[in-house]
Amino acid sequence: ATAKIKSSSTPLLQLMRLSQNFPAQVAGLARTSVPEPIRKGAQKLRRIIQEHAEVFSVNGRLVRPDHSELSLFPLVAKLQPFFVGVERLVRSGVSERVACE
């Protein structure tokens, strides 16, 4: 998913599309080739993080929701209005690139 978002000309819109129905996207993502730098970064991250730990990164800092007041779900809830705004702009005819800026 990271490679697909990063390579998109409208990454915020791509993130929105992938996150809205992630289970439906899994098969396609499994067939997506991952650029070598992203693959190496993921391998490095995997070595740093304990297996089965729930983590994500915000501004380059790893966050473990089980050890932090920061949780993924409130973060997604805060981002939702931005995703909705982008979607409305695109539906009204604004280009994806402009809507995401």
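Buried means under 20% relative accessible area, exposed over 50%, and partly exposed in between, with a 1.4 Å probe and protein chains only. By this rule R17, at a relative accessible area of 39%, is partly exposed.

The model is predicted: local features need pLDDT of at least 70, side-chain atom pairs count only at pLDDT 80 or more, and totals for chains, interfaces and linings use all residues. Residues are numbered from 1 along each chain as its sequence is written, and side-chain values use heavy atoms, with hydrogens and water left out.

**Exercise 1. Find the core**

Task: Work out which residues make up the largest nonpolar core.

Solution: 
- Know the term. A nonpolar core is a set of buried Ala, Val, Leu, Ile, Met, Phe, Trp, Tyr and Cys residues joined through side-chain atoms within 4.5 Å.
- List the members. The largest such core has five residues: L13, M16, F83, V86 and A99.
- Assign the helices. α2 (11-20) and α5 (72-91) each supply at least two residues of this core.
- Follow one member. Beyond its neighbours within four places in sequence, L13 is in contact with V86, V90, E96 and C100.
- Recall the general rule. In soluble globular proteins, nonpolar side chains tend to be buried together.

**Exercise 2. Pair the charges**

Task: Find how many salt bridges the structure holds, then describe each.

Solution: 
- Set the cut-off. A salt bridge is a side-chain nitrogen of Lys or Arg within 4 Å of a carboxyl oxygen of Asp or Glu.
- Take the total. There are three salt bridges.
- Take R17 and E96. Their side chains meet at 2.5 Å, N to O. This pair links distant parts of the chain: R17 is in helix α2, E96 is in helix α6 (residues 96-100), and they are 79 residues apart. E96 is partly exposed, at 27% relative accessible area.
- Take R39 and E36. The closest N and O atoms of this salt bridge are 3.9 Å apart. Both residues lie in helix α4 (residues 36-48), three residues apart, about one turn of the helix. R39 is partly exposed at 38%, and E36 is partly exposed at 42%.
- Take E87 and R91. Their side chains form a salt bridge at 2.6 Å, N to O. Both sit in helix α5, four residues apart, about one turn of the helix. E87 is partly exposed at 24%, whereas R91 is exposed at 68%.

**Exercise 3. Trace E96**

Task: Find which residues E96 touches beyond four places in sequence.

Solution: 
- List the partners. E96 touches T10, L13, R17 and V90.
- Check a distance. E96 and V86 are ten residues apart in sequence and 7.7 Å apart in space, C-alpha to C-alpha.

**Exercise 4. Cross two helices**

Task: Decide how α2 and helix α3 (residues 22-30) are set against each other.

Solution: 
- Define the axes. They are lines fitted to C-alpha atoms, for helices over the stretch in contact, and angles run from 0 to 180 degrees between N-to-C directions.
- Read the geometry. The axes of α2 and α3 come within 6 Å and cross at roughly 110°.
- Apply the classes. Angles under 35 degrees count as roughly parallel, over 145 as roughly antiparallel, 65 to 115 as roughly perpendicular and the rest as oblique. So α2 and α3 are roughly perpendicular to each other.
- Name the contact residues. α2 uses R17, L18, S19 and Q20; α3 uses F22, Q25 and L29.

Note on methods: Contact = heavy atoms within 4.5 Å.
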